[in-house]
Amino acid sequence: MPKFVVWSDAPGFVAPDIVVQYNPANGTGADWSALLMMPEASYVYDAGKLRDAVQFLQDAVRKMTRQTLQVRSSANLAHGIVFTTLAGATEDIKNDPKVRKALADDDSDAYNANEAYYIRTETDRTILVANTNDGLVDAAADLAESAGYAVLGMGPNWVDAPDRSHSLKFDVKRSGRPGYYLRRPTPTSGQAYGVGTIYARQLSDPADETVDRSYQRWRVGARLTSHSMPTFPGHSLQAYHQAVARHIRDTGDTAGFLAPTVLGLDAQRLATPPSTVSAHLWINSDVPPDPEAGKVYLSTGLTWVEQSASAFNAALDVSVPAVRSIVLAGVENTTEAAFKANPNGIAQMAIEPEDGGVPDVTFVKYRKNPTWYPDYLIQNGLPFGAPYALHGSYGLDQPNEQWDPTSQSDTMYAFALWILREYDRWIDTLPAEQRVTSSGASKKTLVRATFYSYNFHDVPPGFNLGDSRLRVMVAGFAKHRGLGKWKAFRTRLDIVKALQVWLPKPSADYRILSNAYYNDWTMSGLPALADFSPTAISEDYSTYYDAGVRAMAIETDFNFGKFGLGYYLTAKKLWNPAMSARQLDAIRDQWLQRSFGNAWRTMKEYYDFLLAPNYPVNSTSSWGHAIQLIADADSQIPAAEAAVKSRIDDLKQYWYYYFLYDTGKMNNTAPETREFVWKGQMAYMNAMYALMRRVYGSTDAAAVAGPATSSGPAHYAAVETASWWQQVRAHWPEVNVDRFDDATLADGTPAIGIDQNDLTLVDEFVWPGSYGQFLYNAGYQTSGVFLTHANQGGQTIGFKLWWPKLDESAFAPRNVYYGVERWNPSGLSWEAVLDQSTTAQPSVDMPTYRLVQAAISAPTAGIFRFSLGYAGNVARLAPLTYDIDASHSTGRSPHTYFKLASGLTQLPVYSYIPKGTHSLDLDVWDQSGNKKLRIYSALLSKNPSAPYRDVDISAMKTHRIPLQPGEDGTITRISGNGFAFPYLHSVPQLWAMSPAELMVPRAIAAADGLTVAGG
């Protein structure tokens, strides 16, 4: 295969141009000079994608060779680096069998070939040909990677460009197309165009770049700009608020919003106290030229707030005929514009409600016509009540179609079907030539009603969908999944599979990976809660892909210190879902090698340590260890690896952010934080908008930093980094603690060799006292994981879980899913007994509470691990022996917890300190305060009046508590505000609500001379 020479430092070498195909005669390609005039944000448009593809490759070549290739438009594609679509290609390219095969539609669905591309080097040219500009974006990224170029993250330092200053050759013949058709890890809150970032501003230091440059490189290199299917617009109905308000003014009919609405003069509003009703609207009836004409106000209960000219803090009522007509007219206009721009493309009817709609109680109270859809069907002679397609699915008992006037899901899907039918009727009224696009395609077949399964319309409808032209993206924040009629439809994947009964694949999924404003703020936001290991990423996206999902919309942030490697691996998996976990792990190693050079193994240890399954506790011991790993890596970087040093220095800023918070400097007077807002910009380690909004109420980095700082570099110099990094290391030094695995038991047995899951009750832990219940908000806290023991096969084991019987969604009846595993002591592994995804126990209403009682027959003797799913809030978890109504236990049961559980303020919990322990070392990871550790000087079963001491462990930090004589071999007790069980370093991570329920490793019981219960 011929090689194409891009650059050579040989005398007389003339670098090739980048050629953008352009033939105005047949309307193909693009004029490069026109593309350069487009605003940066136009990357969302087709022509903007072509510009991005070309600029990305131009920048990649410049970084590798230090030469800038010229770009020109031409219909002559015989020489240079050629960007062309198949439609605009010259005949030699267009008729090439290899090109045709690479770009062919495989008939699997409507989208499979949209991003297909083909690259080939020849002596005189390199051709990049694709069906669409989206495909050319992918081809540009692939070609750059073939030369060793890699975009590792955001910011000028996170590019690995091999030195090709002497010579660069392209030598490639390859084709490609994506697995996921929509790959949209998208930054929220306007970070990509200046919200908390630097945008459209001249910077003083040539090493710096504005966010649009960094983001362009990242999204093209990660293949996030391109897509094969249209995106899913959200919050769509708010675009019609003003039109509905105008209709209300014109007709005097105040129906139209899911809120009490008043039409009156502004003078009357001023004389009217603000309504105490939530979201009460006042629409001014004043007429121009009165300055109050056209204004709309909303009552907060204290004052009237003028609403935006674009949208109100309210939701439309689509049961009102006028509202539906207004939206239909808007849809007619937008689809016509879409067909004009792309006569063969999908035209979307964007009908998603305002941020998921309104609470059910508001919807039921204020929607005008609860039977609007059944009435419409009757008026049009359309049938209803047919056998329901989901009957029997997941245990759903509904033989026939039903209309639920209280269901916002029913209303959402009904509106979608209504608008499609009415659109078709409108199309039928047009002349024949207007019923098709300019290419002759039927407009009816190309329209799609697009919305989300989300928030208050989060479950399937109670009727069949007789129209396949719906595009539904399944999102979170569900309010009804797993409850009532939909109790077995718990997950996004359950909804995806249900909708596939009516709607053809591919399906779409929406998720929030990062929400920095809420999740990165405070020290609790430091670790990543999601598992970004190659195995977890691979399994997650493979599962959804195998279920028919082809669109992934993901909310992200510019917080690459926390998620950067995860973002990178996610992008790779979205492009190629067939990639195995092992292959993704190899890509991870490659990223580490390219990012950190000689220090990559130490940085692998760092990133491994921070993975959610490996991260032991979010407290000072972990922070100190992570920081020490960075310091160790820093010392391993030779002077020749300046780029690696810059990346390490960037990463340090992630920790500097939390150092500023922990030392009380995240305030609007601290000069260090104002400086950080500007000089931390190029690293993209932290989502600056979150800090700036919380501390300064502004997202303008230059204004917050002040002119003295913002007129200088938007990055820290190496000497500046070294200065504050020294402070960070001093603040969080690595803490030496006693670790149980390093200990020796009282009988001389090394602790590391014992089986810590081979547990037993002991007689010495029984003394008078109450048996507690673990108290937590089971609606969102996942603390329901415990260990129990069966002495023999056939013994009944299980749990009781109950919560208040209240008429709120957080306390609703539920199916509680749970799983059971048995410990295999010979294989040292957990073996499944009951699958949590399929095992559920329904709650039963008692007089004052809702009870889930799960009891199973143990298949054999041994240790069993129960894992509980979500339930109601203010839930209490206890063994089967607990008598709820009598508030006491009827017998002794092993019921031991082993995780860093979080819950509500409750009775004390208990742990055991093995004999020979010299220091009780633990990490407190919450800031609830008033936390006390009580250490006894003897087992209370032997000496009920044994002296004890209380140690204050309120501070969120590592606590080292030297033990006094007699304090080992005893029970310890922890109490305090809230509940967040500490991480125990020097003793096993086992605790219980009662000493009598606490199990200990059998090896410890033997070493300490404890009596095995029933032994």
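This is a predicted model: local features need pLDDT of at least 70, side-chain atom pairs count only at pLDDT 80 or more; totals for chains, interfaces and linings use all residues.
**Aromatic pairs**

A pair of aromatic rings is described by the distance of the centres and the angle of the planes. The count comes to 70 aromatic pairs. Tyr656 and Tyr716 form one of them, and the geometry is edge-to-face. Their centres are 6.1 Å apart, with 80° between the planes. Tyr656 lies in helix α21 (residues 642-662) and Tyr716 in the loop between α25 (707-710) and α26 (718-731), so the pair ties together parts that are 60 residues apart in sequence. Tyr656 and Tyr716 are both buried.

Tyr818 and Phe866 make another pair. Their planes meet at 15°, under the 30 degrees that counts as stacked, so this pair is stacked. The ring centres are 6.3 Å apart. Tyr818 sits in strand β26 (residues 815-824) and Phe866 in strand β31 (residues 862-868), so parts 48 residues apart in sequence are tied together. Tyr818 and Phe866 are both buried.

| Pair | Centre to centre | Angle between planes | Geometry |
|---|---|---|---|
| Tyr656 and Tyr716 | 6.1 Å | 80° | edge-to-face |
| Tyr818 and Phe866 | 6.3 Å | 15° | stacked |

Tyr656 and Tyr716 also belong to one aromatic cluster. Its other members include Trp623, Trp655, Phe659, Phe676, Trp724 and Trp732.

**Charges over rings**

Two arginines sit over tyrosine rings. The charged end of Arg269 is 3.6 Å from the ring centre of Tyr297. Arg511 lies over the face of Tyr544, 4.9 Å from the centre of the ring.

**Strand β14**

Strand β14 spans residues 280-284, and five of its five residues are buried. In a regular strand the side chains alternate between the two faces of the sheet. Here both faces are covered. His280, Trp282 and Asn284 are buried on one side, Leu281 and Ile283 on the other.

β14 has a parallel pairing with strand β13 (residues 261-264), over four bridges. Leu263 has Ile283 of β14 as its bridge partner. With strand β15 (residues 296-299), β14 pairs in the antiparallel sense, again over four bridges. There Ile283 is bridged to Val296 of β15. Tyr297, the ring under Arg269, falls within the range of β15.

**Nonpolar cores**

In soluble globular proteins, nonpolar side chains tend to be buried together. The largest nonpolar core in this model has 199 residues. Ile81, Phe83 and Trp655 have the most contacts inside it. Helix α12 (residues 408-428) gives the largest share of this core, eleven residues. Leaving aside neighbours within four places in sequence, Phe83 touches residues including Ile18, Val20, Leu50, Val54, Leu57, Leu128 and Ala140. Gln21 is also among its contacts. Another core lies apart from the largest one. It has 43 residues, among them Val852, Phe864, Val909 and Val951.

**Trp403**

Trp403 is placed in the loop between α11 (372-379) and α12. Is Trp403 buried or exposed? Its relative accessible area is 15%, and buried means under 20%, so Trp403 is buried.

Which residues does Trp403 contact, beyond its neighbours within four places in sequence? They include Pro370, Trp372, Tyr373, Pro374, Phe384 and Phe463. Asp410, Thr411 and Ala414 are also in contact with Trp403. A polar atom of the Trp403 side chain lies 2.9 Å from the backbone oxygen of Pro370. Asp738 is 335 residues from Trp403 in sequence. In space, the two are 64 Å apart, C-alpha to C-alpha.

Terms used: Residues are numbered from 1 along each chain as its sequence is written. Side-chain values use heavy atoms; hydrogens and water are left out. Rings of Phe, Tyr and Trp (its six-membered ring) pair if their centres lie within 6.5 Å; planes under 30 degrees apart count as stacked, over 60 as edge-to-face and the rest as tilted. Helices (H or I, at least four residues) and strands (E, at least two) are DSSP runs, numbered from the N terminus. Buried means under 20% relative accessible area, exposed over 50%, partly exposed in between (1.4 Å probe, protein chains only). A charge sits over a ring if NZ of Lys or CZ of Arg is within 6 Å of the ring centre and within 35 degrees of the ring normal. Two strands pair if DSSP finds at least two bridges between them. A nonpolar core is a set of buried Ala, Val, Leu, Ile, Met, Phe, Trp, Tyr and Cys residues joined through side-chain atoms within 4.5 Å. Contact means heavy atoms within 4.5 Å. A polar contact is a pair of N or O atoms within 3.5 Å; within protein, one must be able to donate a hydrogen and the other to accept it, and residues adjacent in sequence count only if both atoms are side-chain atoms.
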